[in-house]
Amino acid sequence: MSRIGRQPIAVPSGVTVNAQDGVFSVKGPKGELTVPYNTELSIKQDGDQLIVERPSDAQKHRALHGLTRTLVANAVKGVSDGYTINLELRGVGFRAKLAGKALELTIGYSHPVVIDPPAGVTFAVPEPTRIDVSGIDKQLVGQVAANVRKVRKPDAYHGKGVRFVGEQISLKAGKAGATGGKGKK
C-alpha cells in the first residue's frame with residue numbers, strides 16, 4: 001500500500017473542503033483552490049481529517065493514490081498557510097526592487113529586467129539582494145521562482161546570478177594561468 005496515500009490530511013479550522021465529480025475544492029483564509037482528481041479514487045472527510053482511498057491494488061490506482069493525496073494536501077496547506085520561496089542575488093551591483101507589483105532586476109544586463117507576477121503570486125523584496133515569491137498554489141509559486149532564477153542562473157566560475165536561498169553551487173576551477181601557474185614571466 002502507498003505510504004504517502006494512506007496518510008490522513010489534517011484540515012485546519014477555518015478551511016472548508018468539498019470533493020465531488022472529480023473536482024476537489026478547498027476554501028480558506030488565504031483564498032480558494034480546486035484540484036482535479038481521478039473519479040476512481042474517493043476523498044472522504046472524517047472529522048477534521050481527509051482520507052484518500054483507492055478501489056484496488058492495480059498499478060494505476062497505486063500511482064494515483066499518492067499523487068492525489070499530495071495534491072490535495074498541498075491545496076489545503078496553500079489556502080491556510082500559503083507558500084513562499086526565497087531567492088537571493090549574488091554579484092557586484094546586482095539588486096532587485098518592486099515597481100508597483102512587478103519585480104525589477106538589475107543583474108548585469110544593459111537594461112533592467114521587469115517580471116510581472118501572474119494572478120495569485122506576489123513578490124516581496126525585504127533587502128535589495130533578496131526576493132520572496134509568495135502565493136497559495138505551490139506549483140505556480142515554484143514555477144514563477146524558477147522563471148526568475150532563469151533570468152540569470154548562477155554561473156559556474158564565480159557563482160554570480162539568481163539562486164535559491166541555501167542552494168549550493170559547485171564552482172569550476174579557473175585557468176591555471178589566472179591562478180599563478182605556468183604562464184608569462
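Predicted model: local features only at pLDDT ≥ 70, side-chain atom pairs only at ≥ 80, totals over all residues.
Visitor: Is Val92 buried or exposed?
Guide: The cut-off for exposed is over 50% relative accessible area. Val92 has 83% relative accessibility, so Val92 counts as exposed.

Visitor: What separates the C-alpha atoms of Val92 and Val151?
Guide: Along the chain, Val92 and Val151 are 59 residues apart.

Visitor: Is the protein a compact globule or more spread out than one?
Guide: The protein has two helices and 13 strands. For 185 residues the globule rule gives 16 Å, and the radius of gyration is well over that at 22 Å, so the protein is more spread out than a compact globule. Along the principal axes, its C-alpha atoms fill a box of roughly 75 × 40 × 20 Å.

Visitor: Which strands stand at the edges of the three-stranded sheet?
Guide: The sheet is open, its order is S1-S6-S5, and its pairing is antiparallel. An edge strand has a single partner strand, so one side is left without a neighbour in the sheet; this holds for S1 and S5.

Visitor: In S6, what is the bridge partner of Ile43?
Guide: S5 (42-46) is joined to S6 (residues 49-53) by five bridges, and the two run antiparallel. Within this pairing, Ile43 has as its partner in S6 Val52.

Visitor: At about what angle does H1 run to S6?
Guide: H1 covers residues 59-80 and reaches 33 Å from first C-alpha to last, close to the expected 32 Å. Just after H1, Gly82 has a positive phi of about 85 degrees. H1 lies across S1, S5 and S6, and its angle to S6 is about 155 degrees.

Visitor: Which strands are the edges of the four-stranded sheet?
Guide: This open sheet has antiparallel pairing and the order S11-S12-S7-S13. Each edge strand pairs on one side only; these are S11 and S13.

Visitor: At about what angle does H2 run to S7?
Guide: H2 lies across S7, S11, S12 and S13. With angles taken between N-to-C directions on a scale from 0 to 180 degrees, the value for H2 and S7 is about 5 degrees.

Visitor: Which element gives the largest share of the largest nonpolar core?
Guide: This core has 19 residues, and those with the most contacts inside it include Leu103, Phe123 and Val148. Elements that give two or more residues are S7, S9, S10, S11, S12 and H2. The largest share is five residues, and it comes from H2.

Visitor: How many residues does the other core have?
Guide: Nonpolar side chains tend to be buried together in soluble globular proteins. A core apart from the largest one includes Val15, Val17, Leu33 and Val35. Its residue count is 18.

Conventions. Residues numbered from 1 in each chain as written. Heavy atoms only, no water. Expected span 1.5 Å × (residues − 1). Core = buried A, V, L, I, M, F, W, Y, C linked by side-chain atoms within 4.5 Å. Buried < 20%, exposed > 50% of the residue type's maximum accessible area, 1.4 Å probe, protein only. Pairing = 2+ DSSP bridges. Contact = heavy atoms within 4.5 Å. Rg over C-alpha atoms; globule rule 2.2 N^0.38 Å.
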